[in-house]
Amino acid sequence: ENLRNQISEAATAAAESFDEMRGATPYAARLAKASVKAGPLLGLGANRQWQRRYFVLKPTTMLYYFGSPQDEEPLDCLDVEAFTTVACRDVDVDGAVTIELARAGPSPDDAPVVFSLKSSGEAEGYAWIEALKRESYARLKST
């Protein structure tokens with residue numbers, strides 16, 4: 001009976017600890033704290049419409065994106081290392097920078113694979129470009 005109570009108390013404490021940890025700070029915000037760069041950008045969706053997303057660039061070259069910083073689960077992630085170029089494609093009159101990550105298609109006849117992002121301002125856009133380049137080329141420099 002005593003052992004059963006100890007196991008039950010330990011399980012309850014572990015569950016409460018997990019609930020506190022999970023509820024205290026959303027995953028997107030926790031991930032952002034340990035990131036190279038994080039913040040809101042517009043992402044060009046499959047429907048060719050710009051959608052506001054919260055992006056988090058991890059030092060492992062993974063770029064996660066969330067609907068907001070309060071989300072627990074990413075909408076998706078992108079391996080920055082898989083792209084051969086990271087560049088500024090355009091700067092709007094209001095200073096918004098369109099960032100383009102590109103790589104060759106799966107076969108020579110396929111169109112390039114392009115992932116487009118847009119910042120709210122010029123300084124923020126170029127800061128993202130530098131962070132993406134620094135992380136995507138980090139492995140090449142170390143080999």
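This report covers the cores, strand pairing, salt bridges and aromatic contacts of one predicted model.

## Basis

Residues are numbered from 1 along each chain as its sequence is written, and side-chain values use heavy atoms, with hydrogens and water left out. The model is predicted: local features need pLDDT of at least 70, side-chain atom pairs count only at pLDDT 80 or more, and totals for chains, interfaces and linings use all residues.

Helices (H or I, at least four residues) and strands (E, at least two) are DSSP runs, numbered from the N terminus. Buried means under 20% relative accessible area, exposed means over 50%, and partly exposed lies in between (1.4 Å probe, protein chains only).

## Nonpolar cores

A nonpolar core is a set of buried Ala, Val, Leu, Ile, Met, Phe, Trp, Tyr and Cys residues joined through side-chain atoms within 4.5 Å. The largest one here has 18 residues. Leu 63, Ile 99, Leu 101 and Leu 132 have the most contacts inside it. Helix 3 gives the most, with four residues.

Contact means heavy atoms within 4.5 Å. Setting aside neighbours within four places in sequence, Leu 101 is in contact with Leu 78, Val 80, Phe 83, Thr 85 and Val 86, and also with Val 113, Val 114, Phe 115, Leu 117 and Leu 132. A second core is separate and has eight residues, including Leu 31, Ala 32, Tyr 54 and Tyr 64.

## Strand pairing

Two strands pair if DSSP finds at least two bridges between them. Strand 1 and strand 2 run antiparallel and are joined by eight bridges. Across this pair, Pro 40 stands opposite Tyr 54 in strand 2. The two strands form a hairpin with five residues between them. Arg 48, in the turn, has a positive phi of about 65°.

Strand 2 also pairs with strand 3, again in the antiparallel sense, over four bridges. Here Val 56 stands opposite Tyr 64 in strand 3. This hairpin has four residues between the strands, and Thr 61 takes a positive phi near 70°.

## Salt bridges

A salt bridge is a side-chain nitrogen of Lys or Arg within 4 Å of a carboxyl oxygen of Asp or Glu. The structure holds three. In one, Glu 124 meets Lys 37, with the closest N and O atoms 3.2 Å apart. Glu 124 lies in helix 3 and Lys 37 in strand 1 (residues 37-44), so the pair ties together parts that are 87 residues apart in sequence. Glu 124 is partly exposed at 29% relative accessible area, whereas Lys 37 is buried at 17%.

Arg 89 and Glu 100 form another salt bridge (3.5 Å, N to O). Arg 89 is in strand 5 (residues 85-91) and Glu 100 in strand 6, eleven residues apart. Arg 89 is partly exposed at 45%, and Glu 100 is partly exposed at 22%. Lys 118 and Asp 92 also meet (3.4 Å, N to O). Lys 118 sits in strand 7 and Asp 92 in the loop between strand 5 and strand 6, 26 residues apart. Lys 118 is buried at 15%, while Asp 92 is partly exposed at 24%.

## Aromatic contacts

Rings of Phe, Tyr and Trp (its six-membered ring) pair if their centres lie within 6.5 Å; planes under 30 degrees apart count as stacked, over 60 as edge-to-face and the rest as tilted. The whole structure has three aromatic pairs. The ring centres of Tyr 65 and Phe 115 are 5.9 Å apart and their planes stand at 40°, so this pair is tilted. Tyr 65 lies in strand 3 and Phe 115 in strand 7, so the pair ties together parts 50 residues apart in sequence. Tyr 65 is buried at 15% relative accessibility, and Phe 115 is buried at 15%. Ring pairs link Phe 55, Tyr 65 and Phe 115 into a cluster.

Arg 103 lies over the face of Phe 83, at 5.0 Å from the ring centre. For such a contact, NZ of Lys or CZ of Arg must be within 6 Å of the ring centre and within 35 degrees of the ring normal.

## Start of helix 3

Glu 122 is found in helix 3 and is partly exposed at 42%. Its C-alpha atom is separated by 4.9 Å from that of Gly 95, 27 residues apart along the chain. Not counting residues up to four places away in sequence, Glu 122 touches Val 91, Gly 95 and Val 97.
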